[in-house]
Amino acid sequence: MTNLGDLEVFARVISTGSMSTAARALNLSPAVVSKRIKRLEDRLGTRLLQRTTRQISLTEAGQGFHERVLAVLAGLEEAEAFAAGRSSEVRGTLKISAPTSFGRMHIAPHLIRFMETHPELAINLVLSDDFTDIVGGGFDLAIRIAELTDSSLVARRLAPVRRVLCAAPGYIERYGVPKAIEDLKHHRCLPAHNQDSWRLKGPEGMINIRPEGMLVTNSSEVIREAVISGLGIALRSTWDVGPELRGGRLVQVLPDYEGSSNVQLSAVYPSRQFLPAKVRLFIDFLADLYGPTPYWER
């Protein structure tokens with residue numbers, strides 16, 4: 001039978017992306033870590049890792065093995081929590097991926113309450129607007145705002161996402177109000193870097209339009225500041241610009257059209273038979289915090 005410690009070493013190497021970093025985290029020497037990985041590969045009769053001087057990557061066999069190792073380790077953690085009767089006294093580190101703006105605005109301010117409730121649990125919150133490989137990156141879960149299609153992951157809906165077309169009053173004064181959806185062709189639009197097209201639900205059903213503008217950026221936060229400053233029309237989530245809409249710094253245009261309701265705020269995690277207590281508790285915390293009518297819509 002494979003040594004459980006070897007599985008933990010393997011999982012740590014993948015989560016850190018480096019044998020030397022994994023060795024430091026496990027208080028082992030890099031030579032010992034390398035030897036234990038080789039012992040694991042020899043026992044299995046297959047190569048799990050591709051090693052270069054700069055990086056480590058999983059082979060095809062290693063990818064499938066890694067997913068199953070995570071399931072084994074998660075099941076062990078859940079079993080220990082159950083046997084010890086300490087499901088609310090979680091320990092270790094919870095590694096979370098989240099979109100940059102949402103994480104800053106709607107996760108970070110609430111972490112103090114969660115961490116005071118679970119003082120022995122450390123949080124590693126990684127903010128990025130790029131797609132995150134949950135398994136390859138060693139994440140326990142990811143917060144995503146999207147139409148989810150990846151069936152290899154488990155998702156729990158946390159809240160609806162409402163996206164509206166909006167502009168600053170100053171922009172409207174200079175360029176006028178679009179009267180019909182076709183009028184957007186004659187306006188300055190501000191698509192985010194992941195919005196090659198705007199999928200909108202209107203009176204005639206779902207439509208796709210390709211917004212065109214003079215600003216190109218990979219930052220959603222730059223688009224937010226640009227629309228508030230009066231540079232153009234943007235499709236923004238109410239969690240992002242709710243205060244500006246309520247305060248009059250932004251106004252909704254073409255109110256008959258909103259972003260597709262298929263886009264949801266979800267917690268996504270690798271498919272596992274047993275969900276670790278730390279993941280379950282954090283997802284429950286966010287679900288209670290946001291709810292079916294999130295606070296930014298009230």
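This is a predicted model: local features need pLDDT of at least 70, side-chain atom pairs count only at pLDDT 80 or more; totals for chains, interfaces and linings use all residues.

Colleague: OK. In what order do the five strands of the open sheet come?

Modeller: The order is β4-β3-β5-β13-β6, with mixed pairing. Strands (E, at least two residues) and helices (H or I, at least four) are DSSP runs, numbered from the N terminus, and two strands pair if DSSP finds at least two bridges between them.

Colleague: Which strands stand at the edges?

Modeller: β4 and β6 (153-160) do; each has a single partner strand, so one side of each has no neighbour in the sheet. From one strand to the next, the twist averages 25°.

Colleague: What packs on the sheet?

Modeller: Helix α5 (residues 100-107), which touches β3, β4, β5 and β13 (264-270). Its direction makes about 140° with that of β4; axes are lines fitted to C-alpha atoms, for helices over the stretch in contact, and angles run from 0 to 180 degrees between N-to-C directions. Contact means heavy atoms within 4.5 Å.

Colleague: Back to β3. How many bridges does β3 have with β4?

Modeller: Seven, in the parallel sense, with β4 covering residues 121-127. L94 sits opposite I123, and K95 has N124 as its bridge partner. β3 also pairs with β5 (residues 141-146), again parallel, over two bridges, and there S97 faces A142.

Colleague: Is β3 mostly covered or open?

Modeller: Covered: five of the seven residues in β3 (92-98) are buried, meaning under 20% relative accessible area with a 1.4 Å probe, protein chains only.

Colleague: New topic. Which residues touch the most others in the largest nonpolar core?

Modeller: Of its 31 residues, L141, I143, L158, L265, F282 and Y290 do. Such a core is a set of buried Ala, Val, Leu, Ile, Met, Phe, Trp, Tyr and Cys residues joined through side-chain atoms within 4.5 Å. α10 gives the most, with ten residues.

Methods
Residues are numbered from 1 along each chain as its sequence is written. Side-chain values use heavy atoms; hydrogens and water are left out. Buried means under 20% relative accessible area, exposed over 50%, partly exposed in between (1.4 Å probe, protein chains only).
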